[in-house]
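Please examine the structure shown below. The paragraphs that follow it lead the reader through a pocket and then through the packing of helices.

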Amino acid sequence: MSERDDIFAQIAEQIEPFNKKRVALTEGTTFAGDLEWDSLTVMDFVAAIEDEFDILITMNMQAEIETVGQLADAVQKLKADK
């Protein structure tokens, strides 16, 4: 399993409690559209991801991240930059 696969799996675990509709997660799953998250849910989820990976996701980055795959890429980059 690659580091990227590992990150995706960890993100999927973090999504689970917020995934009320039990949407099947893929690289292209969107937070707003597929998961139907409101801004408060997104904030709670981002905090959980930041804690899980010990990273900081800026508001600018959050605005650009629309899918689970994009989030996994961002986490991988942030971890590499540490």
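In this predicted model, helix H2 and helix H3 (59-64) each supply at least two residues of the lining of the largest pocket. The greatest contribution comes from H2, which provides six residues. In total, 16 residues line the largest pocket, and those nearest its centre are Phe-31, Val-42, Val-46, Gln-62 and Ile-65. The lining comprises 13 nonpolar, two polar and one charged residues. The space within the largest pocket amounts to about 330 Å³.

From the pocket, attention may turn to the helices. Two packed helices are described by the angle between their axes and by the distance between those axes. Helix H2, which spans residues 39-53, packs against helix H4, residues 68-81, at an angle of about 40°, and the two axes lie 11 Å apart. Because angles under 35 degrees count as roughly parallel, and those from 65 to 115 as roughly perpendicular, H2 is oblique to H4. The crossing of H2 past H4 is right-handed. On the H2 side of this contact stand Phe-45, Ile-49 and Phe-53, which meet Leu-71, Val-75 and Lys-79 of H4. By class, the residues of the contact of H2 with H4 are five nonpolar, no polar and one charged.

Helix H1, formed by residues 3-15, also packs against H4: their axes come within 9 Å and cross at roughly 120°. This angle makes H1 oblique to H4. The two helices cross in a right-handed sense. From H1, the residues Glu-3, Arg-4, Ile-7, Phe-8, Ile-11 and Ile-15 take part, and they meet Val-68, Gly-69, Leu-71, Ala-72, Asp-73, Val-75, Gln-76 and Lys-79 in H4. Eight nonpolar, two polar and four charged residues make up the contact of H1 with H4.

The remaining pairing to consider is that of H1 with H2. Their axes are 10 Å apart, and the packing angle is about 135°. H1 and H2 are therefore oblique to each other. H1 passes H2 in a crossing that is right-handed. Here Ile-7, Gln-10, Ile-11, Gln-14 and Ile-15 of H1 meet Phe-45, Ala-48, Ile-49, Glu-52 and Phe-53 of H2. The contact of H1 with H2 divides into seven nonpolar, two polar and one charged residues.

Methods: Residues are numbered from 1 along each chain as its sequence is written. This is a predicted model: local features need pLDDT of at least 70, side-chain atom pairs count only at pLDDT 80 or more; totals for chains, interfaces and linings use all residues. Side-chain values use heavy atoms; hydrogens and water are left out. Axes are lines fitted to C-alpha atoms, for helices over the stretch in contact, and angles run from 0 to 180 degrees between N-to-C directions. Helices (H or I, at least four residues) and strands (E, at least two) are DSSP runs, numbered from the N terminus. Angles under 35 degrees count as roughly parallel, over 145 as roughly antiparallel, 65 to 115 as roughly perpendicular and the rest as oblique. A crossing is left-handed if the near helix is turned anticlockwise from the far one by less than a right angle, and right-handed if clockwise. Contact means heavy atoms within 4.5 Å. Ala, Val, Leu, Ile, Met, Phe, Trp, Tyr, Cys and Pro count as nonpolar, Asp, Glu, Lys and Arg as charged, and the others, Gly among them, as polar. On a 1 Å grid over the protein atoms alone, a cavity is a set of points where a 1.4 Å probe fits but cannot get out, and a pocket is an open set with protein on both sides within 12 Å along at least five of seven lines; lining residues have an atom within 4 Å of a point. Grid points are joined across faces, edges and corners, and a volume is the space filled by probe spheres set on the points.
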